[in-house]
Amino acid sequence: MTPARKSFIIELVAAIGMAFVISVLLGLGYGKVNWTVSGILVVLAALMVCVPHFIISRPKKFSQKEIDTLRALAEKERLKLIQRLGWHWVVRDTSLCRLDNKTNKVIESVDRRILTEVWGINTDEGPFLEDFWFLCICNGQEYSIASELFTNDILDWFFALYGFDHEAYMQCMACADNRKTLLWRRCPQNQDTTQEEKP
């Protein structure tokens with residue numbers, strides 16, 4: 001039995017028991033127990049426990065079609081942003097490159113071989129404004145990549161860094177405050193950089 005189910009059963013039994021005891025005490029106070037009223041109180045008590053557990057707090061389950069629609073909308077918005085900015089980020093070999101949309105020339109790049117730190121930057125301006133970035137530091141220079149521009153390839157590039165703090169990244173995804181979180185730092189133990197290169 002899961003802790004959540006165990007907690008629900010305890011709450012339900014306690015609520016029903018309390019409602020029954022109160023109804024009996026009230027009935028004795030009037031000289032006669034009204035079992036109809038007792039039953040109504042018990043049912044109401046059960047509903048007060050069940051409704052939050054099974055209706056209010058139940059998370060919405062998305063169908064695969066809804067998930068695909070949301071992904072398509074996100075990709076559409078990403079492409080709109082890329083068109084407006086005039087550039088986009090892609091993965092090329094060991095580097096993240098910012099390319100000009102028209103010429104496809106590299107404007108700047110983040111080479112994994114000289115990458116020293118990766119930070120997660122959160123702001124409290126979401127969800128209608130951008131509120132999360134990766135901040136990459138290479139030889140003292142800083143490069144920021146907004147989450148609106150993320151692709152699976154870009155995320156995989158970061159996730160493949162040996163020692164990348166996935167738990168800290170998940171905390172960043174749930175954060176709605178102004179915060180700077182260290183996600184990865186080069187050290188003697190991860191000089192090879194990628195997960196695949198480590199035994």
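Predicted model: local features only at pLDDT ≥ 70, side-chain atom pairs only at ≥ 80, totals over all residues.

Student: Which residue forms a salt bridge with arginine 185?

Tutor: Its partner is glutamate 117, and the closest N and O atoms of the two are 2.9 Å apart. This pair links distant parts of the chain, since glutamate 117 sits in strand E4 and arginine 185 in strand E7, 68 residues apart.

Student: Is glutamate 117 buried or exposed?

Tutor: Glutamate 117 counts as buried because its relative accessibility is 17%, and buried means under 20%.

Student: How many salt bridges does the structure hold?

Tutor: There are six. One of them joins arginine 98 to glutamate 108, with 2.8 Å between the closest N and O atoms. Here too the pair links distant parts of the chain: arginine 98 belongs to strand E2 (residues 95–100) and glutamate 108 to strand E3 (residues 106–111), 10 residues apart. Arginine 98 is buried at 15% relative accessibility, while glutamate 108 is partly exposed at 24%.

Student: Where do arginine 78 and glutamate 75 lie?

Tutor: Both are in helix H3, three residues apart, which is about one turn of the helix. Arginine 78 is buried, with a relative accessible area of 12%, and glutamate 75 is partly exposed at 33%.

Student: What holds the strands of a sheet together?

Tutor: In general, strands of a sheet pair through backbone hydrogen bonds, either parallel or antiparallel. In this structure, four strands make an open sheet in the order E6-E5-E4-E7, with antiparallel pairing. Strands E6 (141–146) and E7 (179–185) are the edges, each pairing on one side only. From one strand to the next, the twist averages 25°. Look also at E5 (residues 132–138), which pairs with E6 over six bridges; cysteine 138 stands opposite glutamine 141 in E6.

Student: Which strands does helix H4 touch?

Tutor: Helix H4 (residues 152–159) packs on the sheet and touches E4, E5 and E6, its direction making about 50° with that of E5. Helix H5 (residues 166–173) also packs on the sheet, touching E4, E5 and E7, and its direction makes about 155° with that of E7.

Student: Which residues make the nonpolar surface patch?

Tutor: Phe62, Leu70 and Leu73 make it, and it covers about 300 Å². Leucine 73 lies in helix H3 (residues 64–85) and is partly exposed, with a relative accessible area of 49%.

Key
Residues numbered from 1 in each chain as written. Heavy atoms only, no water. Patch = residues over 30% accessible without salt bridge, like charges linked within 9 Å, V, L, I, M, F, W, Y side chains within 5 Å. Areas by Shrake-Rupley, 256 points an atom, 1.4 Å probe, with all protein chains shown as cover. Salt bridge = Lys/Arg side-chain N within 4 Å of Asp/Glu carboxyl O. Helix = DSSP H or I, 4+ residues; strand = E, 2+ residues; numbered from the N terminus. Buried < 20%, exposed > 50% of the residue type's maximum accessible area, 1.4 Å probe, protein only. Pairing = 2+ DSSP bridges. Axes fitted to C-alpha atoms, helices over the stretch in contact; angles between N-to-C directions. Contact = heavy atoms within 4.5 Å.
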